[in-house]
Amino acid sequence: MRTFFPEVSMPAPHSPMRLGLTLVALLTLLALPLTPLSLRGTPARAGEGEICRLAVTVTTGHDGIRDDSSEFIQLAGQQLLFEDHDGDGATDAEPLLPFHRGGTGDERYASYTWNVVARPCVPQERAVDGFTFIHDNQADDWRADNWNLAGLRIEERDTRAVLYDHSVPDPDGNGGMHRFLKNAQQTWNTLDGDVDDDGIPDRVERSGIPHADGVDRWLPANGADPCRKTVAVEVDWLRDAAFSHEPDAAAVAEARAMFAGAPVPSVPVCPYTTARAPSGVQLLVHVDEGIPTGTRTEPLNIRGADGTTPFDRYRADHFAPERSGVFHYNLWGDRQNKGFSGGVCCVGPRHEDFIVSLGSETRRVRLQSSSFVHELGHALGLHHGGTDRVNYKPHYLSVMNYRYTDVGIPDFGEWRARAEQFGPATTPWKLSQALDEVSRLDYSKLRLPALVRDALSEGDGAGSPTDDMVSWWDNKGVLRVGDASGPLDWNVNRAIDSDRVGVDVNGEEHLCVVGRDSRPDVTDSRRLLETPVATDDVRHGEAIYAGLDAECDSRAVATDTASVPHGTDFGALGHYADGLAGADDWSAVKIHISGTDGGPGPAVPGEEISEPSPAEAEAARAELLDAMVAAVGPAPAAPRWGYAYMNRATEAEAPIGATSVLDNAFQWSTAADAGRAGAVTHLATGEYEVRLPGIGGTGGVAHATPYRTDNSGRSCAVRGYRPDGADELIRVGCVNRTGAPADWWFTVFYAAPATGAEPYATLRYDAPGGGASVPAVANDGTYNSEGRVNRVVRDGVGRYRAVLTGTSFAANDGHLQINQFGTGAPARCSPYARTAVGDTLEVSIVCFAVSASATAQPVDAPWILSYAARAGLHGAGAVPAAYAQVTGDPSNPVVDGPHSWASTGQTPALVRLGIGNYRLTWDTVGKYGGSVQLAATGAEGATCHLGNIGDYAAPPRVSVDVWCYGPTGLRADAPFAAAYVRRP
């Protein structure tokens, strides 16, 4: 290995000088003037900008200084003179001697202060050249003195300015700042030290790395600071004509900013400047070269017959050997193994290098930056649990945690505030951008209290002083998020329990079985899971996890693959009885590269840590984004709902611009004691604003159904709704069968999510023009009683799938209500199919233009949806209500029992009265003054009107007359669904 810093040659052991080193010989050795004047005179006082009198405090380590050893100190090439050279406590008479010998007694871990003077005084700026220490011992080799320097403080006695102050523990003789030997390493300069203890000698940071052809000055040229911890990384990447793996400059900038903001103090006293360096860590990234290659996509970390990997060969050819032990080497390429892992650490001869392999497509900046600092974190000694290997710990807020690797640490308060500004068209891009903007790239900065999985305190939550976001799995394997600084509903029962609860919070760590066939004769590995789930194990997608007891009880069948042996106890492996440990990465991280001595770096030697693929990282990010959207959705509260019959439709009944009171007999709300009746303002032909008193507030949804019939189809859309003081205002627009505005009567309904209403979901699809899919709908009109997201997939013009996520929705036994929403061109939107897919319910929806066309024309349109099961359309299970789905041959229809319900348990009677005319009758659920919402449920573009609500003649009997119309607006048979609500 090249010697960076030459040592002073000392005389042979048996030369006359070794047998008795005289003062004149010493002076000759040190090239000092022989005039007595240089050693005589009173100690000089420092003038402006001079160094004259110093106090040098030396602390020994595991080996002390013997009394027969001589120690010399030089500054700016000038020998310093000792005022008490023999350590007897008395000031020496002139002339002062240039060495110290005696009074040290070979004591370990002892400190000595030596007062020295410079004659002549030395300019202060020469202090940056460092202080040179020379050790000499005259004893025979077998008795020779070796000693360890563990601490050094140099202070000006005239100004009390500290010129150097540094120490390195030496508990066993292998530490310390320097080890002086009799026949080697006799000379040491403070520049050879490492003031900031980052493994890079100060001389290298200030002057560069010497090598056979000169000096590599990249570090000093890029601002390396010997008084601030530095991590240096050289980055190369593979490229060919098709693709370049060069990291985005913005990703490198994010990584630099993360390290700069680290809570790592700089050196309090810097010997090279009077100003203290800023806190944080210098991440100096040399984005060096793109390596042209004809094998760009080959796995970089697969060993060949010669025992080397492509990474090894690229490193040998493109990483200067003198940089080893100073720089980490990082190579970017397509893949690192035969799979699609996004990276690996810790490779290379010193186990301090790493690969980033994100495939052959341009990746998001955050994925690039997070992958880079994640692998670098491993090179600095961090694991996926910080100081342990337990992954997915909720309170481990670090990019080393797979839950945050592709995101960073979100600020939950910032996210909540941002969610209020999403507005319509919550596109994937908008949500993803918001997630990046509220998240910081970081290692953890605080060790939070341990979490005991089977005894979690919901009141204490994660115990963080900041409102960062924590994430965890519930006992169904659903990801949840919350505010790290407040109480957390760990078991997701919509309450903060006083008793401790058991939740599988890091269950994603405990993979037992995957639905992938590992048999060598099977080529298609994309298989569905076939292994039955045993005991409390949890199925999540096409995999089985260990569940709350953290034991793998499910035994993989032949067509699936066991990821760990059957019966594996993750709790025992991770010592869960002691709780999931928090971790403070910035306190634990080892910012100390192996150094020029060739020793191992901070990573575990021989351990290579491989990461998930970019696709898996993106899926994890999407899962987190879903949980974050769900967490800021509308919260259930006390029941808040109401309805009215808008019976003032014409200009004669309600002049345009005037407000008219609605019939109090056919309206009701949870604020019925407000003392005011509902009212309507006729805004224009076919346009109305209905006021429901006392139930105003954010969130909720509204629906409207045309009432009465004249043998010509009418359609009514919900234009919008909003609170106005204590009231809720609902805009409704009605058109005739050609799409022209038309005054018409309708029933109107509004409900906000209520506590205890489940399964219950609403979805306000408000993408402009209805022209986009929305993977996680985020607005105050979208609610999911399981605390999950609702999605919209646009399958084509006018064709959509509403995806309600949650096992209770997958039961597929509720009522669906859909209306066109917004102010766009008139459209009729209907649900025409519903399918349970895994833990979701997919509702197929079609929208057709309302026009004079003789055939139905699909058209994109926003819409609004409600889903309620085993409860009324409001979701309030304690209030009598009913719904029914009419299906089968429309000319001979039947009630679909699995999709029908009544609070009294009755299935309604159904009669077809004529073409497109039906009557549903419940004998036991009605009460005078109820209301009905209808939805045509076919795919042909039909619409259905409410003809009459017969709950007045013989309550509790209620009959509902329905009139349906085809796409042309003429009467036609059609399937439909009806929801009846009433006052309690």
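Visitor: Which residues is E508 in contact with, leaving aside its neighbours within four places in sequence?

Guide: Contact means heavy atoms within 4.5 Å. By that reading, E508 is in contact with Y392, R403, W473, Y545 and E623, once its neighbours within four places in sequence are set aside. This is a predicted model, in which local features need pLDDT of at least 70 and side-chain atom pairs count only at pLDDT 80 or more, while totals for chains, interfaces and linings use all residues. Residues are numbered from 1 along each chain as its sequence is written, and side-chain values use heavy atoms, with hydrogens and water left out.

Visitor: Where does E508 lie, and does it count as buried or exposed?

Guide: Buried means under 20% relative accessible area, exposed over 50%, and partly exposed in between (1.4 Å probe, protein chains only). E508 counts as buried because its relative accessibility is 16%. The residue lies in the loop between strand 21 (479-483) and strand 22 (511-514); helices (H or I, at least four residues) and strands (E, at least two) are DSSP runs, numbered from the N terminus.

Visitor: Is A221 buried or exposed?

Guide: A221 is exposed, because its relative accessible area is 64%. A221 belongs to helix 4 (residues 218-221). Between A221 and S207 there are 8.9 Å in space, C-alpha to C-alpha, and the two are 14 residues apart in sequence.

Visitor: How many residues does the chain have, and what share of them counts as buried?

Guide: The chain has 984 residues, and 57% of them count as buried. Its secondary structure consists of 13 helices and 52 strands. Along the principal axes, the C-alpha atoms fill a box of roughly 130 × 65 × 55 Å. Among contacts with a separation of 6 or more, 70% join residues 24 or more positions apart.

Visitor: How many cavities of 30 Å³ or more does the structure hold?

Guide: Rolling a probe the size of a water molecule over the atoms shows where empty space is left. A cavity is a set of points, on a 1 Å grid over the protein atoms alone, where a 1.4 Å probe fits but cannot get out; lining residues have an atom within 4 Å of a point. The structure holds six cavities of 30 Å³ or more, and the largest cavity contains about 200 Å³ of space.

Visitor: Which residues lie nearest the centre of the largest cavity?

Guide: They are C716, I818, N819, C829 and T943, out of 18 lining residues. Strand 41 gives the largest share of this lining, four residues. Strands that each supply at least two residues include strand 33 (715-724), strand 40 (815-820) and strand 50 (943-950).

How values were computed
1 Å grid on protein atoms, 1.4 Å probe; cavity = no way out; pocket = protein on both sides within 12 Å on 5 of 7 lines; lining within 4 Å. Points joined across faces, edges and corners; volume = space filled by probe spheres on them.
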